[in-house]
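Hi,

Here is the structure I promised to pass on. Have a look at it first, and then read on for what turned up.

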Amino acid sequence: MKTTAATATKSSLPSILRFVIPSLIGVFFFMTPVPVDGELTIPIAILSNFLQSVMGQAIPIIMTYLVVLAAAGTIFVKTVRPSFVRHSPFLASLFDVAPVWAFVRIIGAIFAVMTLYKLGPEWVHSDETGGMLLYSLLPILFSTFLFAGLLLPLLLNFGLLEFFGYSLTKIMRPLFKLPGRSSVDCLASWLGDGTIGVLLTSKQYEEGFYTKKEAAIIGTTFSVVSVTFCLVVIGQVGLSQYFLPFYGTVILAGIVCALILPRIPPLSKKIDTFVNGEDRKSDDESIPAGYTPFSYGFKQAVAQAEKNKPAAIVKDGLQNVIDMWLGVAPIVMAIGTIALIIAETTPFFQWLGTPFIPLLELLQIPFAKEASETIVVGFADMFLPSIIGSGIESELTRFVIASLSVSQLIYMSEVGGLILGTKIPVSIKDLILIFLLRTLISLPIIAGIAHLLF
């Protein structure tokens with residue numbers, strides 16, 4: 001029965017503070033830009049960087065053995081089927097994975113060991129392939145997962161998502177076919193990192209807040225690249241002075257993609273049911289009579305905060321960290337290394353880029369052939385296009401390459417591999433199609449703005 005404002009009880013000050021204080025702390029860690037050495041970053045990134053500087057070369061060793069542990073644990077559980085795992089939902093979800101993911105974990109463990117100890121062919125463990133993953137990306141994931149996992153409950157469990165969920169649904173639902181709480185995922189990605197947005201989305205999908213369709217849309221459309229990484233990309237192509245128009249271009253292209261992609265396949269074909277198979281009810285996001293979206297969101301946020309117990313929050317945070325380390329890192333190591341090997345040792349991505357040459361010429365992009373080689377390679381790693389295209393003489397072309405590489409969003413060495421490593425219902429085929437669609441939608445927008453600037 002719907003509650004009216006007349007029958008609603010007024011929240012007590014302690015209950016309000018249980019919502020407000022942890023949520024503000026979470027917003028501070030995940031979403032508050034702070035200047036460090038002349039650049040903007042967020043506190044959780046500062047903690048992550050500090051841990052990396054303290055632990056140094058120990059992190060790749062730790063990550064190697066965590067990846068090996070994930071593979072060994074999966075093999076043990078799959079072959080022995082111990083009862084203590086079957087009776088533990090957490091251990092079962094951690095190690096009793098589908099055969100394809102068990103195989104990927106084994107491949108990831110092999111690549112990690114080969115890279116750490118420089119075993120086998122160099123094209124596996126070189127600085128451009130396995131070495132980039134183990135020594136550059138996995139240390140970032142190790143420290144980010146540690147702090148993000150422990151602190152995610154501040155965003156997830158104390159009512160912030162309920163507050164935004166009801167307050168912003170009337171904006172998010174008609175525009176992007178998403179609940180209002182998805183705005184938090186987007187903001188966390190924008191100010192923090194795309195991986196944080198994916199992890200937020202995956203966690204909420206598993207807990208029954210997003211349907212399969214919504215989780216797929218958010219993970220592939222709203223887990224945008226952070227401001228920090230955008231600064232790195234535009235600096236790599238020597239156009240730091242154009243950061244503001246560059247980032248404005250990325251935002252515009254991203255909004256257009258977010259408006260279009262949920263309405264076309266493959267995302268439009270995703271099943272709109274929750275992880276337990278139930279449909280979303282039409283009144284799931286309705287506001288009872290007597291409330292505004294803001295006041296009802298506040299009421300639900302306080303009610304959520306009152307449910308929390310400190311011990312459960314700590315346990316949830318620790319399980320988050322373990323799940324990320326053992327569940328996600330092996331996938332990233334396996335798929336990312338394979339993608340980078342293909343990019344570095346074969347002309348495969350150059351061949352794939354060839355069909356884009358006529359489109360680039362139609363859009364009057366100088367050095368169209370050279371630019372075409374960077375377009376598809378972004379599927380392997382988002383930073384590769386800027387590295388490959390940094391030597392092109394045309395500033396206009398370098399601007400297009402940098403803007404497109406960020407707007408494409410799906411790259412296998414991080415966000416793409418991360419999505420596949422979670423339970424978000426998106427396949428490798430889906431990721432390829434979404435990557436190509438984002439490219440085709442974004443490129444004309446970016447080219448048009450580039451011609452206005454240069």
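Which residue forms a salt bridge with aspartate 316? The partner is lysine 203, and the closest N and O atoms of the two are 3.3 Å apart. Aspartate 316 sits in helix H16 and lysine 203 in helix H11, so this pair links distant parts of the chain, 113 residues apart. Both aspartate 316 and lysine 203 are buried. Before going further, please keep in mind that this is a predicted model.

**Salt bridges**

There are nine salt bridges in the structure.

Another one to look at joins glutamate 162 and arginine 181, with the closest N and O atoms 3.8 Å apart. Glutamate 162 belongs to helix H9, while arginine 181 is in the loop between H9 and helix H10 (182-191), so the pair ties together parts that are 19 residues apart in sequence. Are these two buried or exposed? Glutamate 162 counts as buried because its relative accessibility is 8%, and buried means under 20%. Arginine 181 is buried as well, with a relative accessible area of 8%.

Lysine 369 and glutamate 373 make a salt bridge too, their closest N and O atoms being 3.3 Å apart. They are four residues apart in helix H20 (residues 368-375), so about one helical turn separates them. Lysine 369 counts as exposed, at 52% relative accessibility, and glutamate 373 is partly exposed, at 22%. There is also a network: salt bridges that share partners join Lys78, Arg81 and Asp96.

Which helix gives the most? That is H16, with six residues. H11 and H16 are also the helices that hold lysine 203 and aspartate 316.

**A cavity**

How many cavities of 30 Å³ or more does the whole structure hold? The search finds one, and the volume of this largest cavity is about 60 Å³. Among the residues that line it are Leu360, Ala371, Thr374, Pro385, Val400, Gln408 and Leu443. H20 and helix H22 (395-408) each give two or more residues to the lining, and the largest share, five residues, comes from H22. The lining of the cavity has eight nonpolar and three polar residues, and no charged ones.

**A nonpolar patch**

Last, turn to the surface. Ile171, Leu175, Ile251, Ile255, Leu259 and Ile260 form a nonpolar patch there, with about 450 Å² of accessible area together. Helix H9 (160-176) and helix H14 (243-260) each give two or more residues to the patch, and H14 has the largest share, four residues. Leucine 259 is in H14. This leucine 259 is partly exposed, with a relative accessible area of 31%.

Cheers

Methods
Residues numbered from 1 in each chain as written. Predicted model: local features only at pLDDT ≥ 70, side-chain atom pairs only at ≥ 80, totals over all residues. Heavy atoms only, no water. Patch = residues over 30% accessible without salt bridge, like charges linked within 9 Å, V, L, I, M, F, W, Y side chains within 5 Å. Areas by Shrake-Rupley, 256 points an atom, 1.4 Å probe, with all protein chains shown as cover. Salt bridge = Lys/Arg side-chain N within 4 Å of Asp/Glu carboxyl O. Buried < 20%, exposed > 50% of the residue type's maximum accessible area, 1.4 Å probe, protein only. 1 Å grid on protein atoms, 1.4 Å probe; cavity = no way out; pocket = protein on both sides within 12 Å on 5 of 7 lines; lining within 4 Å. Points joined across faces, edges and corners; volume = space filled by probe spheres on them. Nonpolar A, V, L, I, M, F, W, Y, C, P; charged D, E, K, R; others polar.
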